[in-house]
Amino acid sequence: MNDYMITDLFSADVAAGKKSNEVMYLSSTELKAAGIDTVGQIEMYFHAYDSNWDNLFKNVYSKLETSEFANMDTTPNDEGQELYNANGVRIVGKTVDENSFWGTAILLYIENTSGQNVGINVDNMSINGYMMTPLFSTTVYDGKKSIDDITIMSSDLEANGITSVDQVELKFHIYNAESYDTIADSDAITFTAQ
């Protein structure tokens with residue numbers, strides 16, 4: 001949506017020789033985080049398979065432009081502290097949400113101009129000096145942006161007596177999303193999350 005990766009919910013069963021009208025649901029939380037009020041462009045990749053799970057086609061690209069295409073805002077929502085900027089991948093730490101669904105989340109802005117689709121994971125993460133097991137894995141296609149979050153389980157924070165996320169240390173593992181070949185493993189990055 002407007003050059004941002006947005007999570008969708010879509011699946012359809014269509015019997016041979018039949019048609020179906022379906023709805024694709026998009027994450028309103030992600031649209032809001034990306035600052036998308038008006039949708040000007042939608043890009044999708046479709047994957048179809050038969051009842052035996054054999055691929056009929058995979059990664060078929062489709063692009064739609066709405067009547068708001070000429071007016072869509074493509075200004076990056078990249079305010080925050082730059083954490084990583086190399087190999088065509090830029091990651092900015094935006095904010096900490098201490099009331100996310102699973103616990104606490106660190107919101108990131110990610111921009112990919114690497115020439116390839118990339119996956120990003122987080123390794124060796126600590127908060128206030130205590131090791132954590134973060135929930136984070138994202139894929140950002142070439143030329144696209146993403147607003148994503150690193151989730152820290154409230155049980156991990158409670159087990160270590162952490163009531164406030166003050167100092168974060170982590171490493172980013174960046175890889176080619178198709179081949180899984182490593183693009184880069186960042187050095188340890190330390191930042192204040194206030």
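Reader: Which side chains meet Arg 90 in a salt bridge, and at what distance?

Author: Start with the general idea. Side chains of opposite charge can pair when their charged atoms come close. Now the case here, in what is a predicted model. The side chains of Glu 82 and Arg 90 meet in a salt bridge, at 2.7 Å from N to O. Glu 82 is partly exposed, because its relative accessibility is 41%. Salt bridges that share partners join Asp 78, Glu 82, Arg 90 and Glu 111 into one network.

Reader: How far apart are the closest N and O atoms of Arg 90 and Asp 78?

Author: They are 2.9 Å apart, and the two residues form a salt bridge. Arg 90 lies in strand β7, residues 89–97, while Asp 78 sits in the loop between β5 and β6, so the pair ties together parts that are twelve residues apart in sequence.

Reader: What is the distance in space between Asp 78 and Arg 90, C-alpha to C-alpha?

Author: Their C-alpha atoms are 9.7 Å apart. Keep the two kinds of distance separate. The 2.9 Å value runs between the closest N and O atoms. The 9.7 Å value runs from C-alpha to C-alpha.

Reader: How far apart in space are Asp 54 and Ile 42?

Author: Asp 54 and Ile 42 are twelve residues apart in sequence and 27 Å apart in space, C-alpha to C-alpha. Asp 54 is in the loop between β4 and β5. Asp 54 counts as partly exposed, with a relative accessible area of 43%.

Reader: How many salt bridges are there?

Author: The count comes to six. One of them pairs Lys 63 with Glu 65, with the closest N and O atoms 3.7 Å apart. The cut-off is within 4 Å, so this pair counts. Lys 63 is partly exposed, at 40% relative accessible area. Glu 65 is partly exposed too, at 47%.

Reader: Let me step back to the whole chain. How many helices and strands does the protein chain have?

Author: The protein chain has two helices and 15 strands. Its C-alpha atoms fill a box of roughly 60 × 45 × 35 Å, taken along the principal axes.

Reader: What share of the residues counts as buried?

Author: The protein chain has 194 residues, and 35% of them count as buried.

Reader: Now the largest pocket. How much space lies in it?

Author: About 1200 Å³ lies in the largest pocket. Its lining has 41 residues, and those closest to its centre are Asp 8, Phe 10, Met 24, Tyr 45 and Phe 46.

Reader: Which strands supply at least two residues of that lining?

Author: They are β1 (4–5), β4 (41–49), β5 (55–65), β11 (137–140) and β12 (145–153). The largest share comes from β4, with eight residues.

Reader: How do the residues of the lining divide into nonpolar, polar and charged?

Author: There are 21 nonpolar, ten polar and ten charged residues in the lining of the largest pocket.

Reader: Which residues make a nonpolar surface patch?

Author: Leu 9, Val 23 and Tyr 25 make one of about 350 Å². Take Leu 9 as the example. Leu 9 is in strand β2, residues 8–9. Leu 9 counts as exposed because its relative accessibility is 62%. The cut-off for exposed is over 50%.

Reader: What is the phi of Asp 3?

Author: Asp 3 has a positive phi of about 75°, although it is not a glycine. Asp 3 is also found in the segment before β1.

How values were computed: Residues numbered from 1 in each chain as written. Predicted model: local features only at pLDDT ≥ 70, side-chain atom pairs only at ≥ 80, totals over all residues. Heavy atoms only, no water. 1 Å grid on protein atoms, 1.4 Å probe; cavity = no way out; pocket = protein on both sides within 12 Å on 5 of 7 lines; lining within 4 Å. Points joined across faces, edges and corners; volume = space filled by probe spheres on them. Helix = DSSP H or I, 4+ residues; strand = E, 2+ residues; numbered from the N terminus. Nonpolar A, V, L, I, M, F, W, Y, C, P; charged D, E, K, R; others polar. Patch = residues over 30% accessible without salt bridge, like charges linked within 9 Å, V, L, I, M, F, W, Y side chains within 5 Å. Areas by Shrake-Rupley, 256 points an atom, 1.4 Å probe, with all protein chains shown as cover. Buried < 20%, exposed > 50% of the residue type's maximum accessible area, 1.4 Å probe, protein only.
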